[in-house]
Amino acid sequence: MSSTVRMIDIAVNLTDNMFKGIYNGRQYHVADIPAVLARAWSAGVDRIIVTGGSLEESKEALAIAETDGRLFCTVGVHPTRCKEFEESGDPEKHFQTLVSLAKEGIQKGKVVAVGECGLDYDRLQFCPSETQKKYFEKQFELAEAVKLPMFLHMRAAAEDFCNILAQNKHRFSAGVAHSFTGSAEDRDKLLSFDNLFIGVNGCSLKTTENLDVLRGIPIERMMIETDSPYCGIKNTHAGIKFVKSVWPSKKKEKYEPDSTVKDRNEPCIVRQVLEVVAGCKGIGDAEHLSKTLYHNTCRVFFPQDLDTAADALLESGLNIQ
Ligand SMILES: [Zn+2]
């Protein structure tokens, strides 16, 4: 693969304890975000969107994003965390604090999306569906107030998700349904929204069925991500046969700063996602693929950085899918 590959990892949970060296509440190694980022930049990643999944986490995501010009973040509340609106004692005040945080982050040039928000019916134990739906809808108000695109999470909830999206379509410019693991039918429902992209990571590439569904996502409607420290590509996954780039890895008990940590995903691995997408879709030119995906991501999250020369180049090669 060419070294001129440029990628944006749109989903990195840098606020996760694993990046502080803490696993299941126990410290195994030092906090190591600088080492993780150094590996990402040398793999061809040149921007990262840090995920915010609650008010507190969004504050932390913004603080992390402020440490490097290549880091950006989202502000929003994840479906499994939506009880925090009510538990705060004043849902409207909680929401207004989110709005203020988003405005502050936009002024700093760091907040690029509202999210992650959406519906997750696989994890109703953390938050009932009625609460999830109520505050998913509420976050369109945030997108409308700050005029940002949406970073969306949809798990086992395609019907309700698409209904809510359809009702609020006029309230946001564009969005991505990240960490897509749905069926071909779910994929087509999402693709029917012309302002929606689909985010693909290791969880989207686990089975041969997943790969079949992936083949039906046009690359012009796709973005890539890791969702690290989760959703790595494992040796047992169907996508593994297309992976070309590998990094030395050590168990967390034997941590070394120059190695990745076994079973902890990190943003350099987005390159493997690119390789699996290319292999699976039979695209020989991964560099061309990376340009399209990069362009899609800029269109939605970094519109000020769209390069017209790159656009012209892309349009000349759009029939390569
Ligand atoms: Zn998610």
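In which strand is His 178 found? I located His 178 in strand S8 (residues 175-178); helices (H or I, at least four residues) and strands (E, at least two) are DSSP runs, numbered from the N terminus.

**Entry 1. Basis**

I note that this is a predicted model, in which local features need pLDDT of at least 70, side-chain atom pairs count only at pLDDT 80 or more, and totals for chains, interfaces and linings use all residues. Residues are numbered from 1 along each chain as its sequence is written.

**Entry 2. The two annotated histidines**

I looked up the UniProt record, an unreviewed entry, which places the feature "binding site" at His 153 and His 178. UniProt positions are given in the numbering used here, feature names are shortened, and annotations may be inferred rather than shown by experiment.

I then checked burial, for which C-beta atoms are placed from the backbone: a residue is buried if 20 or more other C-beta atoms lie within 10 Å of its own, exposed if 12 or fewer, and partly exposed in between. His 178 counts as buried, with 27 C-beta neighbours inside 10 Å. His 153, which I found in strand S7 (residues 150-155), is buried with 27 other C-beta atoms within 10 Å.

For contacts I used C-beta atoms, placed from the backbone, that lie within 7 Å. Leaving aside neighbours within four places in sequence, His 178 is in contact with Ile 10, Ala 11, Glu 116, Phe 151, Leu 152, His 153, Gly 199 and Glu 225. With residues up to four places away again not counted, the contacts of His 153 include His 78, Glu 116, Asp 120 and His 178.

I found Glu 116 in strand S6, where Glu 116 counts as buried with 29 C-beta neighbours inside 10 Å. Beyond four places in sequence, Glu 116 touches residues including Thr 51, Thr 74, His 78, His 153 and His 178.

Asp 227 lies in the loop between S10 and strand S11 (249-250). Asp 227 counts as buried, with 26 C-beta neighbours inside 10 Å. Not counting residues up to four places away in sequence, Asp 227 touches Ala 11, Asn 13, Ser 179, Asn 201 and Cys 203.

**Entry 3. The sheet**

In what order do the eight strands of the open sheet stand? I read the order as S1-S4-S5-S6-S7-S8-S9-S10, with parallel pairing; two strands pair if DSSP finds at least two bridges between them. Strand S1 (7-12) and strand S10 (222-224) are at the edges with a single partner strand each, so one side of each has no neighbour in the sheet. The twist averages 30 degrees from one strand to the next.

S6 and S7 pair in the parallel sense over six bridges, and Cys 117 stands opposite Leu 152 in S7. Three bridges join strand S9 (residues 196-200) to S10, with Gly 199 opposite Met 223 in S10.

**Entry 4. Helices**

The axes of helix H2 (residues 55-65) and helix H4 (residues 91-107) come within 10 Å and cross at roughly 10 degrees. Axes are lines fitted to C-alpha atoms, for helices over the stretch in contact, and angles run from 0 to 180 degrees between N-to-C directions. H2 and H4 are therefore roughly parallel to each other; angles under 35 degrees count as roughly parallel, over 145 as roughly antiparallel, 65 to 115 as roughly perpendicular and the rest as oblique.

Leu 55, Ser 58, Lys 59 and Leu 62 in H2 meet His 94, Thr 97, Leu 98, Leu 101 and Gly 105 in H4. H4 also lies across strand S5 (71-75) and strand S6 (111-120), running at about 160 degrees to S5.

Lastly, I checked helix H9 (residues 270-280), in which nine of the 11 residues are buried. The elements covering these buried residues include S1, S9 and helix H10 (286-301). Gly 282, which follows H9, has a positive phi near 65 degrees.

How values were computed:
Two residues are in contact if their C-beta atoms, placed from the backbone, lie within 7 Å.
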